[in-house]
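These are my notebook entries on one protein chain. I set down in turn what I looked up.

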Amino acid sequence: MNVKRITSVLMSLCLLATLFVGVSVAGKAEAAASDLPFKLAAPSNVSVSWLEGGDSLTTMNLAWSMADDQATYMSKANDDEDYKKTTLNALGYDNLYVNIDVDWAIDDKVNGWHHTKYWDYPYINQFTNGSDENGNTTLGPWDVVEDGNDVGAKTTNEMWILRGVSPKDDNTDWVGDGHNPGLKNQLKSDQYEIKKVDGEPTLTIDFSKHTVYVRVRWCFVTDKEDTRTAIFSDWSETAAYGKDTAGFKPYTPETMPIPQISNLALAEELSNDYPVVTYDLAVPDELTAKITEIKARGGDFRIYIYAKPYGATDWTELQNADFEIKPGNLTASLQHLIVDGQPAKKDTPIEFRARYYANQKTSVSDPGTDIYSEWSNVLKLNADLFPKPTEIGTDTDETGAYRYLTEVIESDNDIKNSTFGTLQARQNSVSTKSLSLKWNKVSGATKYAVYGNKCGKNPVTGNFNTYQKLSEVTNTSVSYTQVNGQDVLSGNYYKFIVVAVGSDNKILKASKTIHIATTGGTYTNPKAVTVAKKANKGKLTLKKGKSFALKAQYTKADKKKKVNDHRKIQYESSNTKVATVSSSGKIKAKKKGKAVIYAYAQNGIFKKITVNVK
């Protein structure tokens, strides 16, 4: 389960100054609900459940859903900057921020709420909600007035709320600091207990004696030049957990709904050079309501899509696909549907079907029960619309794209459509008279062809030495004492390309060119690639729209020798819909999800950074 962990919901000036960077708010104005690109509606199907310890003894998981037209707008705006800009400009805005407010009460759902006037307009200032006339934050540690960077364009969203604080005298979250209420100021003495856990005072609530109530609303903040506007939805219906709440009724095999899918089409973009299909999913209101209950209790609910060539027996799960439930358009890559190096043979339709999966828990401590729906209706798409294989060699089809293995690769540059992340061809070992390289296994490959030559130019023609096919192997490594019929020489550079091949010698993938120096001369090779400290452990978290300069460099295998740079360090993203990376290493977070960024040296030595976009 992917939930937002809120350690504190107090908005600092620094945090939201970063969120609204470049926005100078000289004035404020109220806006009407009609000024939104979707119908204003309160969050619906709100559900809340206790996490039963773990993170803290009071933490709860809150789930809620957004209206279909809001989710559709947010999905399109996340994927298409031009659509977002055109839509907002038509309404007179430069930008639109989606915020979420969460209010709570214990036992008293009439007068026990913590919402104050400082949550409302005109106290939306240029930094945050919840500040008084003097700019002092008035929120307590359980009051949630939160920027919506983690609000997903999907039917159901969730976050952790009411995380406990340590009830110590020196903890301002507990006792307050004069203008900011501490949690002790917001709770009545009979609503909680303080117990010792591992020797530390710990806040607890007895849910057999008390009930927690929660309500949610949207706050949409818009910017136009020097004016900021605020539009609030109504508060949602009240969700509750505790002694006065009804039990959860999970789905059964008989009541589990079946996905309603339609409008299958081929997308314009590729994913890792593989075709992508889109389809529409209808999400009935009763399904949305049940999903929020399931997720609030720590369960999960997803959609899985499968495909196969028409006439085939076995269905293949499309792993690179949207699985979050949202109305409207979903996507799926055909990367894992490989037949003879292509998604399917020419003129053979591909069939698609989907089913729901749920892990249902009666409580967070319950391991849950897995259940699948029946299969959806089957949709078909003709495979002859799909792109041709990677360009290589001299044998072309009717479109001019190269299709088959040849003995020579004329170009000295990277092959068109080649990627680093798929094959990761790189130096393995090197000596004065031999060298070896290795690479990753490629799905559907029956063999690998290795092309290479000594670096430099032909003394007769003046052209760069062409890549000659050196060998074809079935494993993922190879060693050479001779290259192109000549003994490997010490102190020289050699260049290689690895090609993954399917049946009929059709190309599946081609590596980037790699350059390796033998030992015994004045040159050495990169030994390792290092990156900036924030990403040096191979992980990086960014908010959507934010950037990060990777600043990769390599260390040398022999510090006393130099590297003849055939090219500088290169960068590549595994999923450009989630995060892009420029030739200088600038990462731009585009959409919520995960992407792998590769920073690789000329001999294929690399650093892998997993980017998690929130």
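This is a predicted model: local features need pLDDT of at least 70, side-chain atom pairs count only at pLDDT 80 or more; totals for chains, interfaces and linings use all residues.

Entry 1: more on E237. I located E237 in the loop between strand 10 (227-232) and strand 11. Is E237 buried or exposed? Exposed means over 50% relative accessible area. E237 has a relative accessible area of 70%, and therefore I record E237 as exposed. I then looked up a pair: E237 and V216 are 21 residues apart in sequence, and their C-alpha atoms are 7.9 Å apart in space.

Entry 2: the whole chain. I found six helices and 39 strands in the protein chain. The chain has 614 residues, of which 50% count as buried. I looked up its accessible surface, which comes to about 28,100 Å², with 45% of this belonging to carbon and sulfur atoms. Among the contacts with a separation of 6 or more, 68% are accounted for by residues 24 or more positions apart.

Entry 3: the nonpolar cores. The largest nonpolar core has 43 residues, and I noted that L62, V102, W142 and I161 touch the most other members. Which elements give two or more residues to this core? They are strand 2 (44-50), strand 3 (60-65), helix 2, strand 4 (95-106), strand 6 (156-161), strand 9 (211-224) and strand 11 (239-242). Strand 4 gives the most, with six residues. I also recorded a second, separate core of 31 residues, which includes Y251, L281, F352 and L379.

Entry 4: V102. I looked up the contacts of V102, leaving aside its neighbours within four places in sequence. V102 is in contact with L62, W119, D143, V144, M159, I161, V214, R215 and V216. Two of these names, L62 and I161, I had already written down among the core residues that touch the most other members.

Entry 5: helix 2 against helix 3. Two packed helices are described by the angle between their axes and the distance between the axes. I read an angle of about 120 degrees for helix 2 (residues 68-79) and helix 3 (residues 81-90), with their axes 5 Å apart. Angles of 65 to 115 degrees count as roughly perpendicular and those over 145 as roughly antiparallel. Helix 2 and helix 3 are therefore oblique to each other. Helix 2 makes the contact with Y73, K76, A77 and D79, and helix 3 with E81, Y83, K84, T87 and L88. I sorted these residues into four nonpolar, one polar and four charged.

Entry 6: two residues with positive phi. Most residues other than glycine have a negative phi. I looked up Q424, which is not a glycine and yet has a positive phi of about 50 degrees. Q424 is in the loop between strand 20 (408-409) and strand 21 (426-430). Buried means under 20% relative accessible area. Q424 is at 9% relative accessibility, so I count Q424 as buried. K551, also not a glycine, has a positive phi of about 55 degrees. I placed K551 in the loop between strand 33 (547-549) and strand 34 (553-556). K551 is at 62% relative accessibility and therefore counts as exposed.

Entry 7: I587. I found I587 in strand 37 (residues 586-589). Its relative accessible area is 0%, so I587 is buried. What does I587 touch, not counting residues up to four places away in sequence? I listed L540, L542, K546, S547, F548, L550, A579, T580, V581, I597 and V611. I587 and S573 are 14 residues apart in sequence and 8.9 Å apart in space, C-alpha to C-alpha.

Entry 8: G368. I located G368 in the loop between strand 17 (349-360) and strand 18 (369-372). With a relative accessible area of 23%, G368 is partly exposed. Beyond residues up to four places away in sequence, G368 touches N359, Q360 and K361. G368 and R297 are 71 residues apart in sequence, and their C-alpha atoms are 9.7 Å apart.

Entry 9: D285. I found D285 in helix 6 (residues 285-296). At 59% relative accessibility, D285 counts as exposed. D285 and A67 are 218 residues apart along the chain, and their C-alpha atoms are separated by 9.4 Å.

Definitions and conventions
Residues are numbered from 1 along each chain as its sequence is written. Side-chain values use heavy atoms; hydrogens and water are left out. Axes are lines fitted to C-alpha atoms, for helices over the stretch in contact, and angles run from 0 to 180 degrees between N-to-C directions. Helices (H or I, at least four residues) and strands (E, at least two) are DSSP runs, numbered from the N terminus. Angles under 35 degrees count as roughly parallel, over 145 as roughly antiparallel, 65 to 115 as roughly perpendicular and the rest as oblique. Contact means heavy atoms within 4.5 Å. Ala, Val, Leu, Ile, Met, Phe, Trp, Tyr, Cys and Pro count as nonpolar, Asp, Glu, Lys and Arg as charged, and the others, Gly among them, as polar. Buried means under 20% relative accessible area, exposed over 50%, partly exposed in between (1.4 Å probe, protein chains only). Accessible areas come from the Shrake-Rupley method with a 1.4 Å probe; for residues, only the protein chains shown count as cover. A nonpolar core is a set of buried Ala, Val, Leu, Ile, Met, Phe, Trp, Tyr and Cys residues joined through side-chain atoms within 4.5 Å.
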